[in-house]
Every structure is written in structure tokens, then in C-alpha cells.
Amino acid sequence: MKNYKISIRQFGRHALLVEWPKKVEEDILLDILKFVRYLKENHLREPEWEFIPAYNSLTLVSRKQNLDYAELKAQILKWYQSKTVVPLKGRSLWRLPVCYEEEFGIDLKDIARQLQLSVEEIIKLHTSSVYTVYGIGFLPGFMYLGGLPAALEVPRKATPRPKVSRGAVALAGKQTGIYPQESPGGWNIIGSCGVPMFNSSKDDPCFVKVGDKIQFYPISKGEYQLQLIENEVGIYKIEKLELDA
Amino acid sequence: MLKILKPGFFSTVQDNGRFGFRDKGVPVSGVMDANAVSKVNALLENEETAAVLEITMTGPTLEFSEETYIALGGALMSASINDSPVSNYTVIKIEKGDVLSYGKLEGGFRAYLGIKNGFKTPAVLGSRSFYFPITEFSSIKDMVELPYDPITDFSPKISEMKVDSGLAKESLKVFHGPEFGELTDGQLKELFAREFTVANQNNRMAYQLNETITGSDLSMLTSATLPGTVQLTPSGKLIILMMDGQTTGGYPRILQLSDKAIGLLAQKKSGDAIRFKL
């Protein structure tokens, strides 16, 4: 198994940052996730330790005060070099419905003009890619998705909106994402996804985890409204494919 | 029940935090000044997870519907029970119908009301700490009352504590953040030689500072941030993340406040001075 050159940096007295080469690359992310699994199963137990992977980094946070940084750094390097090969498990591809109708995709016309594409072409491009979840942060359940087609790269809005609705599907730079709750935001809104990305009444409040994949598919307003009702009565099932079967 | 007669400026129920969901983007939350709260809970012989009321700037007016014991701590807010002044870090016996009210802010910024066995608002994802929309409420403003256990038979081992509150302390102990090594000699000098003041933008999510240093144009991939992380923006602004701070960020994380320093900073308000000390 290929080992990357990793570096370790101090992050206060509770935490440590492990970094892989500074690139957005799926192989790097998967190597991080394998190392997380190895550490959890062999050395650093939950809940005392928390693991926050994002892009090319892994932050290890302990609830213990005053970690011995030098000792831990040496151990982690040793563990990484000598770790046994563990396969990944439990990754999923989630298919999420998006209603791109104008009522929800309030910036579609504007970015179609900027990108010199038709609205249909934007929807086609947005739904043709399979995105990788490189991190979850900013807001509870907000996914950092990689894999946006270059033709859809559009700068964030000059003036952020004070209120973006929950479920808004948006574009900015190399990124696309879903606002999991109402919040201020400067991304370009192209549709709405009615699947709640965060539900604090569940033990696992966010069905997606880092390393999962996302694909969007278009639905009509009628289907969108039906799905909202299905969510409310609890019969809606998100389409899912196991990746590590 | 603790009836909320007047909500004051901004008060929330907080415990020691919501752990285990940072990889889903959930901030840890919890009390901003853990130095004060650990003493309040110790006096009441509470578990360290007992929830307290965190009171910012101006206090509420509260009426107790059952007997219990309380202790106050943190900021000096001229608290009184039925109009008789009460002191911080003292166990106070509460009778049915007693009214706790607050007056002028005399020092610090966040006061704490601890209660025997803690407040019993619902725990969500393992914590009672308010963080909207994970919890139903963002503050006590829209609430009528807060639940607690009636207690009649408590004899505290220590009824009073002399506490060096540290409310006036300006020096914040910091450690290296991950990008500390990227700072230039010039930036290091600016960081440690000078005094900074707290900007108007300060809340449970983050404290911004008024004075800037030479900015950083280091390009970063989004990565984890923690309470107490000091971020440096391209324009040279310093942003210190606090307990409700977001779990990831894209700015260099140059310093990390000690736990104690987070508590000290939590007692600062707009215009107050601080210094970083390695």
C-alpha cells in the first residue's frame, strides 16, 4: 500500500494536525479515512478522541488536557508507517433529488448568462457528475463537495444574501453544496433539495459522512412537494448505493 | 421551574459541551468561561456536566418556583435576591418565590447562574447547550421557564470560595496553531509586542480584534478549527473562534488559546484590551 509523506503539526494542547500532500485528490482522502479507521480500532479510542478529516488533513482532538505533543507526534508517524492495510467500509453514494425550477433556482438565469450556457445545460452538467464529500463543516451537515465540472465554475456573488433558505443547492468557485439550514450566504442558488441534511433528533444526525459520494437528479415541482410530504410523515427513503460492498 | 420574568440581553443554558459530532460540522458549544463554571458547579457539588445559565452583559429577572440552592460566578453583575445583594461563588439557599435580578455590569461580560443538579432543559446530541437550530431555542428570550430539580436537603461542604476572578487580566496564554510556522519575523513581532482590543463583532461564535497585523496570503484547503483558534485573514484581521465557532475554516490558524485563556477572553467586551503570550 502506498504511503504518502505526512507531516504533523501542533494544534494547541488538545489537538494535533496530520497533513497529507496539499492536493484535492480522492486517493489522498481515502488514505486519510483508512488511517482514521486504523487509529480508532487500534490506538485512539472514541469518545476520548475525535477525528475531523477534511481534504488533505486529519485533526485529532482529545478531551484530555496537555497532550505530550512530541511523544504523540512520534507515535503517529510510527503508526502511519507500520499500519496494517485496512479496507474502507461503509461508504455510500447518495442520490439526492433537486428541483431546479425557477422558483428555487433563483440565480440560474443570471449564471446561465455568465457561463454562456442554457439553464438546461447547467442542470445537465450539475446532475451528470458524481461528487465526493471532502469535508463537513461551516454549518452542521454542510458538505464540501469536490468534482464540479469546470464549465460550472462561477464566482460567488458580490454581495452575500442575508438569508438563504434551508435546502438551497448552490454553486461557488470549484464548489457546489446544499445549505442544511437557513443562513446568510454568498453562493449562487440553482435549486432546492428537500432532503434534510441534518436532523438533530436522530442519533446520527447527518446521514452523509466524509468520503461518501453524492449525485443529484432533477425533479419537478410536483415531485418536490410530494417528497416534502413524504419526509414529514417519515416515509421518504433516500436513494443509496453501497460503495464498499 | 425558574420563571423568566425578564429575559435580559442574551442568556443561554450551557453545559460542558456537545462532543462527538465535529466531523458532522457541529460546534462543541458549552460555557464560554469554564474557569468560572467549574467553581460554581464545584460549590454546588454538581457533576461537571451540570448545565448552568450563561448571562451576557445584562441579566434577566428570574423567579424560583421551588426550593433549591444556587451559586453565581463569572462577571460581576450586581445580582440580588429579593433586592438584597448577593456575592459570586457563595452557595445561596433559595426559597419558593425568591426573585433573582441583576443590575449594573461591574466587571467581566458573562455571568453564570449554577443550580443544584443543573438545569434540566432537554439534552440534544448529548448536551443541553443551546445552539440553534440544533436546540429548539437560541436564547431564553422566547422561553417561559427553565426546569430544575427541587432540592431541600443540601449541606454544602464549602459554602463560599475566594476566587481570583481574573476578570481584569489582559494576558492570554497561547500555543502554536498549525500555521504558526508560516508567520514571518515581522508578523511575530506585531503579534506579541502589541496590545489588541476586542472589536464590536464578538459573540459566542468568534471574537474579532480591532487592530490588524500584516496579512497572510497563504493558500489553504479547508481544515478543522477549534474553540480558541486564532485565524489570520488576508487583510490582517485576527479572528478568535469561540465555543460556537464553526468546525472548519480556510484561514491560517496561527495561534491556539489555552483553555484558561478562552475563559479569560469570554469575559472581555468591545474595546477591552488583550495581549498574546506564548
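This is a guided walk through a predicted model with a chain A and a chain B.

Let's begin where the chains meet. The contact takes 35 residues from chain A and 27 residues from chain B. On the chain B side, the elements that give two or more residues are strand 12 (171-176) and strand 15 (223-224) of chain B. Sorted by class, that side of chain B has twelve nonpolar residues, twelve polar ones and three charged ones.

Now turn to chain A by itself. Chain A is divided into domain 1, covering 7-82, and domain 2, covering 92-242.

Look for an open sheet of four strands in chain A, with the order 1-2-4-3 and antiparallel pairing. Its edge strands are strand 1 (7-11) and strand 3 of chain A, each of which pairs on one side only. On average, and with direction ignored, neighbouring strands of this sheet are turned by 20 degrees against each other. Strand 1 of chain A pairs with strand 2 (residues 15-19) of chain A in the antiparallel sense, over five bridges. To find this pair, you can look for Phe11(A), which stands opposite Ala15(A) in strand 2 of chain A. Helix 1 of chain A packs on the sheet, where it touches strand 3 and strand 4 (57-62) of chain A. The direction of helix 1 makes about 175 degrees with that of strand 3 of chain A.

Let's move across to chain B. Its domain assignment gives domain 1 (2-146) and domain 2 (171-277). Taken over C-alpha atoms, the centres of domain 1 of chain B and domain 2 of chain B are separated by 27 Å. The contact between these domains takes 18 residues from domain 1 of chain B and 15 residues from domain 2 of chain B. On the domain 1 side of this contact, helix 1 (34-43), strand 5 and strand 10 of chain B are the elements that give two or more residues. The residues of that side divide into nine nonpolar, six polar and three charged.

Strand 3 (residues 52-56) of chain B runs antiparallel to strand 10 of chain B and is joined to it by four bridges. Here Ile55(B) has Ala111(B) in strand 10 of chain B as its bridge partner. Strand 5 (residues 68-76) of chain B also runs antiparallel to strand 10 of chain B, with six bridges joining them. In this pairing, Ile70(B) stands opposite Ile115(B) in strand 10 of chain B.

What lies inside? The largest nonpolar core has 75 residues, and those that touch the most other members are Val52(B), Tyr112(B), Ile240(B), Met242(B), Leu257(B) and Leu265(B). This core draws at least three residues from each of domain 1 and domain 2 of chain B. Leaving aside neighbours within four places in sequence, the contacts of Val52(B) include Val31(B), Val37(B), Tyr112(B) and Leu113(B). Apart from this core lies another, of 64 residues, among them Phe142(A), Ile189(A), Met197(A) and Ala224(B).

Our last stop is domain 2 of chain B, which spans 171-277. Helix 3 (residues 259-266) of chain B is mostly covered, with six of its eight residues buried. Leu264(B) and Leu265(B) are among those buried residues. Strand 13 (residues 196-202) of chain B pairs with strand 20 (residues 273-277) of chain B in the antiparallel sense over two bridges, and Phe196(B) stands opposite Ile274(B) there. A hairpin through three residues joins strand 13 to strand 14 of chain B.

Terms used. Residues are numbered from 1 along each chain as its sequence is written. Chains are lettered from A and ligands numbered from 1 in the order in which they are written. This is a predicted model: local features need pLDDT of at least 70, side-chain atom pairs count only at pLDDT 80 or more; totals for chains, interfaces and linings use all residues. Two residues are in contact if their C-beta atoms, placed from the backbone, lie within 7 Å. Ala, Val, Leu, Ile, Met, Phe, Trp, Tyr, Cys and Pro count as nonpolar, Asp, Glu, Lys and Arg as charged, and the others, Gly among them, as polar. Domain bounds come from an automatic or database domain assignment. Two strands pair if DSSP finds at least two bridges between them. Axes are lines fitted to C-alpha atoms, for helices over the stretch in contact, and angles run from 0 to 180 degrees between N-to-C directions. A nonpolar core is a set of buried Ala, Val, Leu, Ile, Met, Phe, Trp, Tyr and Cys residues joined through C-beta atoms within 7 Å. A residue is buried if 20 or more other C-beta atoms lie within 10 Å of its own, exposed if 12 or fewer, and partly exposed in between; C-beta atoms are placed from the backbone.
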